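Hello,

Here is the structure I promised to pass on to you. Have a look at it first, and then read my notes below.

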Amino acid sequence: MTSHIDTQIIDAIVELLDMDDGSSITPDTRIEDDLGLDSGLLLELFMALEERLPALEIDPSELRPEQFSTVQSLSALIASFMKEDVPA
Amino acid sequence: MTSGQRDPQALLREIHRGFRGNLGDAYRTATASLSFDTLYHGALALAERLQTLPSGATPRPVLIWGHKDPRYMIAYWACLLAGRPLVPTERDTPPERLRQIVQGCDACAVLVAEGDPADFTHVSGALQDLELPIWGVDPSLMPAAEAITAPPVTSEDVAYIMFSSGTLGQPKGIQVSYGNLADFILWQQALLKDAPFAAVSGNIRHCFDVSLFELWSAWQRCCPITALNHADFANSTAYIERLQADGVGLWVSTPSITRLMLRNRRFNGERLPALRTFLFCGEALSKQVVEALFERFPNCRVINTYGPTECTVAVTSLEITRAHLDAPQDLPIGYARSGTTLVATPDPGHGEIEIQGASVGLGYLNLPEKQAAAFPRPKCYRTGDRGRCTPEGLWYFEGRIDREIKVQGVRIDLDDIEAHIRRQPGIEDAVVEPYVLRGEPRALNAYVFGQHTATALQALAEQMARDLPPYLVPRFWYAGFESGLNRNSKIDRAWLAEAAKTANHRHVHSHSGTETLS
């Protein structure tokens, strides 16, 4: 099951990495080991997500790469940063 | 004013004397600070100690190892005061490369400017059996005398050696003289004379010569540097808060670093009202970056510069205006700086950029062939860059003549990396190309020929990571292309896209925690 935040993350990655579409990205796709996002691109991804999700306020100091590895675990972490409930 | 009118040693000592008794901060990290007075005394004390090292006919270089630590500043000045060529290296310089650099430049000591002052195992492990003094830097040391009695240096003596990519054999050591350095110091002072700033950014690693803009602009005005530890890049919000608290007014960076900061919506003139001047060097500056800065920081000044490390940081400059953004051409790199001339060859006005004059450095260490090719005459350097010049002397950068590219400000010779991969056992051939996003190289793709599996690609990437700095290790590895795909003499984009799509094996090399920005 793909959540709203999953979709936003996948869309943001497609845009960030200039991919044709998001068909190759699933919740299990690993952010660093499969997609090759380095810390610079990861920061760009966070900022893009802040733009896409107005309720999202990321404190990068609390968001370390070791806390997530896949789209799914990033999604869970992003959900915890949302200021209010978002329809899943 | 040109360097010929100024004795470099006198200029440096005058700047250093200005630190004395100044209790204001010279360097600020997230957790530590260093006052100018401590920098003054600490550098003198360490310079005295450097004087005790054996000296040959010419002073042997001293390596500085560390990353964005106040002790780096002390080590830097100690070398300058003692007349020892300084060789800046970084925390993530791989052990084998550190060894090559030490041996390549015949260093006489290593100054460890970070970490636990009692634990040098990370450096000594790499240099065991070289019998080299490895010293820590103690900011609390006081000098025996208030002035250094170092031997006089001339304009032609080596002030620093920067090691550039060059993955084959010895890394390439680029030597810059005291005369070059003095000429640079006076030029950047003139360039920034009207810029209002009382604190300077600390974006650039000290092993990258663009950092000289940050260091010397701050040292000349005795203002603090707000240093960014590159392990904290992901936390740009915290850095923006520090820039705000410190009132940083001059921002020096590569366009890549600024583009990254601009992704953080907090990077704006409302939060950072003191930040009025942006100086770029190290990469081609895009109109998008300047447009964004003009929007976020109304009334800011943007200065673009260009130059190779071989010619002391930068040799052209100009302030970018709305007219440059509205013009159909790419942004210009500026006019030649005073004391330096640029010419295009073979056609005047369009061709390879050749640099002549006071900024041209001493060239490569122990590489006579490369030296002869790049420095055909004294005080003349052939850049390998293609440029165009208007009748008024305004220059435009048009790319490289060879296969050297820049990824986030770091010079990378694709041919060198290919050659390094080819030397590994079982490799038929390899092609390395930049991984480009929105027109900017962001990482490297490696296409490997021969019988390989994803596991073999991983082993290859890991071997490369042991041999080379992180930024030279390709991130995306491909093998097992559709049959019939052989290496063309000229690789085109369609071929690469096809190889990536049909590759049976793909490996993503993650640098896990290490930073690739400069």
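Which residue of S25(B) does Asn445(B) stand opposite? The residue is Phe476(B).

Before the rest, some ground rules. This is a predicted model, where local features need pLDDT of at least 70, side-chain atom pairs count only at pLDDT 80 or more, and totals for chains, interfaces and linings use all residues. Residues are numbered from 1 along each chain as its sequence is written, chains are lettered from A and ligands numbered from 1 in the order in which they are written, and side-chain values use heavy atoms, with hydrogens and water left out. Helices (H or I, at least four residues) and strands (E, at least two) are DSSP runs, numbered from the N terminus.

Now to the sheet in chain B. Four strands form an open sheet in the order S23-S24-S25-S26, with mixed pairing (two strands pair if DSSP finds at least two bridges between them). Strands S23 (429-437) and S26 (505-508) of chain B are at the edges with a single partner strand each, so one side of each has no neighbour in the sheet. S24(B) and S25(B), residues 476-479, pair in the parallel sense over four bridges.

Elsewhere, S17(B) and S19(B) run antiparallel, joined by six bridges; there, His350(B) has Arg388(B) as its bridge partner. S19(B) also runs antiparallel to S20(B), with four bridges, and Asp385(B) is partnered by Arg400(B).

Finally, eight of the eight residues of helix H9(B), 255-262, are buried (under 20% relative accessible area, with exposed over 50% and partly exposed in between; 1.4 Å probe, protein chains only), so the helix is largely enclosed by the rest of the structure.

Enjoy exploring!
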